[in-house]
Amino acid sequence: MMNLTFPANREHDIACLGRLAVDLYSEQFGSRLEDARSMAKYLGGSSANVAFGVARLGLRSAMISRVGDEHMGRFLIESLQREGCDTSQVQIDKERLTALVLLGIKDRDTFPLLFVRENCADMALDAAAIDDGFIAQCRALAITGTHLSTDGTRAAAHKALQAARRHGTVTVLDIDYRPVLWGLTGRGAGENRYVADAGVTRQLQESLPLFDLLVGTEEEFFIAGGVADDLIASLRAVRALCPQATLVVKRGALGCCVIEGAVPEHIDAAPTYRGERVEVLNVLGAGDAFLSGLMASLLQGKDWAESTQVANACGAIVVSRHACSAAMPTPAELAHWFGGSRNPKVDADEQLAHLHRVTAARPSWEELCVMAFDHRAQFTEMVNAVGVSGDRIPHLKALLVKATELVEASCNLHEHTGVLIDGSAMGSDALARATGRGWWVGRPVELPGSRPLRFDGTRSIGSALRHWPTEQVVKCLLHYHPNDDESLREEQENTVLELWEATRASGNELLLEIILPKGMSAADNADGDVLHAVERFYNLGVKPEWWKLAPMQERGWRDLEALIAQRDRHCRGAVILGLNQPLAFLAASFANATNPIVKGFMVGRTLWADASLKWFKGEIDDAALVDEVARNFAVLVDAWRSRHTAQRAAA
């Protein structure tokens, strides 16, 4: 019979009180931290990792902490919010900066670690701001040992714990012992996991009776119990202070032990749940992942056997990846993990990696109306034909951003607006204006007109993507036919595979635009050839988030839906390209695109070519150009939204 009983019918499953920081992890594996030349940025801090991980597993988590009133603080809050975690209790500190953590990955046993936490925001958590009513709406409250290390944070933790006691909220302690954070080591010894200290033991033991569940490694129970190198004696000392609490001892690859009653003579006599043996990339975060999986499972009503199985799996998955929070698994990943078909080598499991990418929280784009002006050759041809300087093109593209803004407002396109803009000198200013405002933003990589496919401005697409914001979607236009000459087909496919691998590493989504070369498909078979091309890339293992295709007949879209459902049900869907077709033609074609696999359109020259030519000639001014393009865009938006009505009328 499980000792823990979680209250039901509350707004939040768990609130996590404690460290909330930015993790900066070296991207050079096998390197000293001194030699690291680039860092990846993640949400971090043990409590934040747990709040993040529990939310990713589908439960309602909340964060109680404090961040600076600056960019890193906002990054942390936004990261939690995107995952579905409540941040209403995250305090904003006007004086202090958000904490940072720097990590190196030298080898499987060496992880140099620096905590940059001098007078940081989360250690200034204000006890007066702890909300009793909020705690009353939580089924569990989890606190980390670091926040018992100073008078101020201990006062905040105790206020929250006392509220939890009053309201029947289950209290959890992650001992999370970091000697450097208790001032017991030099500042550069963040990786040191254990230093015996009677003062730390005394401070921890003052708080232990307030907890219903204690979780820690063997070394962490040494410090909690106060008996160095004697686990059973330490556990018994803890048990004397917490007669009713459940003790969970983490033992790495051996798994964990759960002690609900008397402490046995030997740790192996305690109920033990086997762990997972995996190749370790980064040990940091394993404990947070374990606790995330454990708490999510317990709160879902699972028993110790199933809960610890999930917890051990979460820890194993995270140690095989670079990050802590961002590495946390989703329910789909765990289903694959326990489904019997996973690769024993975690980092070689392509399906697990794909599920991690596509089932984590991401913006929803169920309807997408995109103006495309990533064109380069076409704009150059236009200015050459008119005889004006190409220096005017960047200003024109800025005006097209303005036209998009107008249509977003006039057509109520909030969260449905998109643009395709190049990152060349022609479009870089417009691209920067469009990025970071909540729009869908695509950016091309192909050299215009290239067949076989070449990348524009680089021979190393992976190197180029390192400089892209993650929100920018990689758009690649491919002039491709499944019946191309074998050497041409294979060369193009290999280039797409290179791009696919690069986007998996960079984190950018991929939109693959397929255009059949002129004259290679009969009009009555074009849809079939496009579908064969899509299937060919699936056969190669390429699973882009988006497909951009020419208008098809209703049956073609239906067949595409069936293909995607079979090969990658997490695909975002398809969007319709324009190919400079007349506005009326495109609007009419939408009537065939009522299948839910079609999310919208991405159209360019149809919207702006005529107006741009007049603008270059000086026949219209900026305002007139913006107005004309916006009108055209609005026509397509209206046609898209009324396509079901148009289909019924045609029938």
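Me: What is the hand of the crossing of α6 and α7, left-handed or right-handed?

Reply: The crossing of α6 and α7 is left-handed, a label given when the near helix is turned anticlockwise from the far one by less than a right angle, clockwise being right-handed. This is a predicted model, in which local features need pLDDT of at least 70 and side-chain atom pairs pLDDT 80 or more, whereas totals for chains, interfaces and linings use all residues. Residues are numbered from 1 along each chain as its sequence is written, and side-chain values use heavy atoms, without hydrogens or water.

Me: What makes α6 oblique to α7?

Reply: The axes of helix α6 (residues 218-225) and α7 cross at roughly 55° and come within 8 Å, where axes are lines fitted to C-alpha atoms, for helices over the stretch in contact, and angles run from 0 to 180 degrees between N-to-C directions. α6 is therefore oblique to α7, since that class takes whatever is not under 35 degrees (roughly parallel), over 145 (roughly antiparallel) or 65 to 115 (roughly perpendicular). Helices here are DSSP runs of H or I with at least four residues, and strands are runs of E with at least two, numbered from the N terminus.

Me: Which residues make the contact, and how do you know their classes?

Reply: Glu-218, Phe-221, Phe-222, Ala-224 and Gly-225 of α6 meet Leu-231, Ser-234, Leu-235, Ala-237 and Val-238 of α7, contact being heavy atoms within 4.5 Å. The classes come to seven nonpolar, two polar and one charged residues, with Ala, Val, Leu, Ile, Met, Phe, Trp, Tyr, Cys and Pro counted as nonpolar, Asp, Glu, Lys and Arg as charged, and the others, Gly among them, as polar.

Me: Why are α13 and α20 called oblique to each other?

Reply: Helix α13 (residues 393-410) and helix α20 (residues 605-617) pack at about 135°, with their axes 12 Å apart, and therefore they too are oblique to each other. α13 passes α20 in a right-handed crossing. Their contact brings Ile-393, His-395, Leu-396, Leu-399 and Leu-400 of α13 against Trp-608, Ser-612, Trp-615 and Phe-616 of α20, a set of seven nonpolar, two polar and no charged residues.

Me: What makes β17 and β18 a pair of strands?

Reply: Strand β17 (residues 472-479) runs parallel to strand β18 (residues 510-515) and is joined to it by six bridges, against a requirement of at least two DSSP bridges. Leu-478 stands opposite Ile-514 in β18. Both strands belong to a closed barrel of eight strands, β14-β15-β16-β17-β18-β19-β20-β21, with parallel pairing, where the twist averages 25° from one strand to the next.

Me: Why is one side of β3 and of β7 left without a neighbour in the sheet?

Reply: The open sheet has four strands in the order β3-β2-β6-β7, with mixed pairing. β3 (39-44) and β7 (113-116) stand at its edges with a single partner strand each, so one side of each has no neighbour there.
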